[in-house]
Amino acid sequence: MILWLLNTFSTFTLGILLVGGFVALAVFGSLAARRRFPHLAGGEHNEMVGVALGMFGAIYGIILAFVVVTLWTQLESTQTVVATEATDLALVVRSAETFPPAERARVEQAVGAYVHAVVEVQWPMMRDGRPSYDATAEQTHGLYRAFQAYEPSGTRDQTFYEEAVGRLNDVAAQRRARITMAETSLPVLLQVLVYGGALVILPLTFLFGLRSLKMQLLFVSAVAGLIGFSLLLVMALDRPFAGDLSVSPAPYKEAALSQFWRAG
């Protein structure tokens, strides 16, 4: 459901729907509570409700802060993994420049096939929450076959060959890390705490009475808006390859890898 929302609507639209929805729910719930229990406007339960709101709010705030920081760190780590994989591929290409023309062409063809498979095949699958090792398995084997078919001669060729193979091994490691991150999402227990906690705190605000209806609605709307925006942030960060805040495949098209994307 979250993946569908992120891939279907922009973050701005989701913000309007989620934050607006929470605010509308808060206003409707507050009006319904005041109509059903008119004595709430007198604030006779404010002390008890205030204690409950403070306690639940503090616990929920700690959980929410932990989740947001964790997800933000995960997003940054994913960006680093993608950038590192692309950098290692570019260095493989650079190292292969010292190879004989036939071997160099074989390596460049293998790298080109790999980056196209990552961007055009594997990336959409990760965006849809269906990461697969098989999507680039053949291209990964092709990279190794390109090097296994070449026997370097001389110290210079041997040095660059070993450097390229080392970088290729790093590419394989980063590929695994990238796919693992695409499979990772917020644990179910934390999802229950984050989304369920919002549904516990929001109704509590309906019981906090203020004589002025406008002030009452302003209070519940502010709390609802903050909760809605926080949940939007959790949703957007939870899936690093989906939505407007997703990790971009642009590094696979830059620097030494740009040659594989030129027209013709």
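Reader: Is Phe-99 buried or exposed here?
Author: In this predicted model, Phe-99 is buried, since its relative accessible area comes to 5% and the cut-off for buried is under 20%.

Reader: And which ring does Phe-99 pair with, and what kind of pair is that?
Author: Phe-99 pairs with Phe-147, and because the ring centres lie 6.1 Å apart while the planes meet at 85°, the pair is edge-to-face.

Reader: Where do Phe-99 and Phe-147 lie along the chain?
Author: Phe-99 sits in the loop between helix H3 (46–96) and helix H4 (101–127), whereas Phe-147 belongs to helix H5 (residues 137–148), so the pair ties together parts that are 48 residues apart in sequence.

Reader: What about the accessibility of Phe-147?
Author: Phe-147 has 3% relative accessibility and counts as buried.

Reader: Which residues make up the cluster of linked rings?
Author: The cluster consists of Phe-99, Phe-147, Tyr-150 and Tyr-161, which are linked by ring pairs.

Reader: How many aromatic pairs turn up in the whole structure?
Author: The search finds eight aromatic pairs. One of them joins Trp-4 and Phe-9, whose ring centres are 5.7 Å apart and whose planes stand at 85°, so this pair is edge-to-face.

Reader: How does Phe-9 count by relative accessibility?
Author: Phe-9 counts as partly exposed, with a relative accessibility of 27%.

Reader: Changing topic, how many helices and strands does the protein chain have?
Author: The protein chain has eight helices and zero strands, and reading along the sequence therefore gives the pattern α-α-α-α-α-α-α-α.

Reader: What share of the residues counts as buried?
Author: Of the 264 residues in the protein chain, 43% count as buried. The chain exposes about 13700 Å², and carbon and sulfur atoms supply 65% of that area.

Reader: Last one, how far apart are the mean positions of the positive and negative charges?
Author: The protein chain carries 19 positive and 21 negative charges, and their mean positions are 11 Å apart.

Methods
Residues numbered from 1 in each chain as written. Predicted model: local features only at pLDDT ≥ 70, side-chain atom pairs only at ≥ 80, totals over all residues. Heavy atoms only, no water. Helix = DSSP H or I, 4+ residues; strand = E, 2+ residues; numbered from the N terminus. Buried < 20%, exposed > 50% of the residue type's maximum accessible area, 1.4 Å probe, protein only. Areas by Shrake-Rupley, 256 points an atom, 1.4 Å probe, with all protein chains shown as cover. Lys, Arg positive; Asp, Glu negative; His and termini not counted. Charge placed at Lys NZ, Arg CZ, Asp CG, Glu CD. Phe/Tyr/Trp six-rings, centres within 6.5 Å; stacked < 30°, edge-to-face > 60°.
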